[in-house]
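Here are my notes, point by point, for when you have the model open. Keep the viewer handy as you read.

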2 protein chains.
Amino acid sequence: MTFASPLKGKEQDETAAFRPRFDSNGLIAAIAQDAETGDVLMLAWMNAEALQATIETGRATYWSRSRGELWRKGDTSGHIQEVVELYVDCDQDAILMKVRQTGAACHTGRKGCFYRRVDGQDKLTFQ
Amino acid sequence: MTFASPLKGKEQDETAAFRPRFDSNGLIAAIAQDAETGDVLMLAWMNAEALQATIETGRATYWSRSRGELWRKGDTSGHIQEVVELYVDCDQDAILMKVRQTGAACHTGRKGCFYRRVDGQDKLTFQ
C-alpha cells in the first residue's frame with residue numbers, strides 16, 4: 001500500500017485527497033499535541049509505513065532515525081499515544097496529531113519534550 | 001556568529017546551553033503555536049541565520065526551502081509573527097515558538113495550515 005503522489009502548488013493546498021509529501025529521505029514531520037491541554041508534546045518523523053500504521057491502528061507510530069526502525073510509541077515504555085484526530089498542512093509535508101498521552105511523551109521522563117525556554121543566543125531555562 | 005555544537009545523548013537533553021542541532025541541510029524544524037489559543041499554526045524551517053534573526057528581532061524568520069532564501073514572516077503579506085516565547089526540545093533538533101499572529105499564518109489565507117483532517121488513508125475533511 002502506498003499513498004497517492006503530491007500535486008503541485010494550489011492543487012495540493014485545496015485537494016480533499018490525502019497526498020502526503022515525504023522528503024528525500026522518505027520522511028514526514030509529525031507533531032504530537034495533547035488533545036486536552038493543547039500542549040505541544042513532541043516532534044518526530046514518520047515514513048509511509050509509520051504513517052499508515054498510525055492511521056490504521058490509532059496509535060502514534062514513528063520512524064526512529066537513530067535506530068533505523070519503526071517505533072510504535074509506548075511499546076517499550078508503556079507511554080502510548082492514542083490519536084484522537086490527525087491533520088495535514090497546506091502542502092501536505094507535515095502532520096499534526098491530537099493525542100491522548102499516557103505518561104510521559106519525552107524519553108527523559110518529562111511530559112513533553114519542549115521543557116527548556118531559549119533565553120537569548122546561548123542560554124536555556126528549564127521550565 | 002554561530003551556535004555552539006550539540007552534545008551527545010543525555011548531556012544534550014540536560015544542558016542549560018543552547019546547542020541547536022541542524023540537519024544535514026543545515027536546517028531545524030520550527031513549530032509556530034498561537035500563544036493565546038494554543039492552536040498549532042504551521043511548521044517551517046530555519047537555518048542558523050534565520051534562528052539567530054528570530055531570537056534577536058523577536059520576529060519569526062524562516063528559511064524558504066522552495067525559494068532558497070531567508071523569509072521574515074509578514075514582510076510581504078503583513079502577517080507577522082511576534083515571538084512571545086521560544087522553546088527547544090530534548091535533543092535540540094526542533095523549535096517551538098509561541099507567537100502572536102497578525103492575520104493569517106497560512107499562505108492560503110487561512111489562520112493556520114492544518115485546516116484538513118485526515119479521515120482514513122485517502123480522504124481529507126476541511127475544517
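Is Gln92(B) buried or exposed? Gln92(B) is buried, at a relative accessible area of 0%, where buried means under 20%, exposed over 50% and partly exposed in between (1.4 Å probe, protein chains only).

1. Ground rules. This is a predicted model, so local features need pLDDT of at least 70 and side-chain atom pairs count only at pLDDT 80 or more, while totals for chains, interfaces and linings use all residues. Residues are numbered from 1 along each chain as its sequence is written, chains are lettered from A and ligands numbered from 1 in the order in which they are written, and side-chain values use heavy atoms, with hydrogens and water left out.

2. Back to the glutamines. Gln92(B) has a phi near 60 degrees, a positive value in a residue other than glycine. Its place is the loop between β5 (81-88) and β6 (94-101) of chain B; strands here are DSSP runs of E, at least two residues, and helices are runs of H or I, at least four, numbered from the N terminus. In chain A, Gln92(A) also has phi near 60 degrees, sits in the loop between β5 (81-88) and β6 (94-101) of that chain, and is buried at 0% relative accessibility. For context, most residues other than glycine have a negative phi.

3. The mixed sheet. One open sheet has six strands, in the order β2(A)-β1(A)-β6(A)-β5(A)-β7(B)-β8(B), with mixed pairing; two strands pair if DSSP finds at least two bridges between them. The edges are β2 (40-46) of chain A and β8 (124-126) of chain B: each has a single partner strand, so one side of each has no neighbour in the sheet. From one strand to the next, the twist averages 30 degrees.

4. Around that sheet. In chain B, β7 (residues 116-118) runs antiparallel to β8(B), and three bridges join them. Arg116(B) stands opposite Phe126(B) in β8(B). Helix α2 (residues 48-57) of chain A packs on the sheet, where it touches β2, β5 and β6 of chain A as well as β7 of chain B. The helix direction makes about 125 degrees with that of β2(A); axes are lines fitted to C-alpha atoms, for helices over the stretch in contact, and angles run from 0 to 180 degrees between N-to-C directions.

5. The core. The largest nonpolar core holds 72 residues, and Met97(A) and Met97(B) have the most contacts inside it. Such a core is a set of buried Ala, Val, Leu, Ile, Met, Phe, Trp, Tyr and Cys residues joined through side-chain atoms within 4.5 Å. Leaving out residues up to four places away in sequence, Met97(A) touches a list of residues including Ile31(A), Met46(A), Tyr62(A) and Val83(A); contact means heavy atoms within 4.5 Å.

6. Ring pairs. There are nine aromatic pairs over all chains, counting rings of Phe, Tyr and Trp (its six-membered ring) whose centres lie within 6.5 Å; planes under 30 degrees apart are stacked, over 60 edge-to-face, and the rest tilted. Tyr62(A) and Trp71(A) make a tilted pair, 5.0 Å centre to centre with 40 degrees between the planes. Tyr62(A) is buried at 0%, whereas Trp71(A) is partly exposed at 25%.

7. Arginine over tyrosine. The charged end of Arg110(A) sits over the ring of Tyr115(A), 3.9 Å from its centre. In chain B, Arg110(B) lies over the face of Tyr115(B), at 3.8 Å from the ring centre. The criterion is NZ of Lys or CZ of Arg within 6 Å of the ring centre and within 35 degrees of the ring normal.
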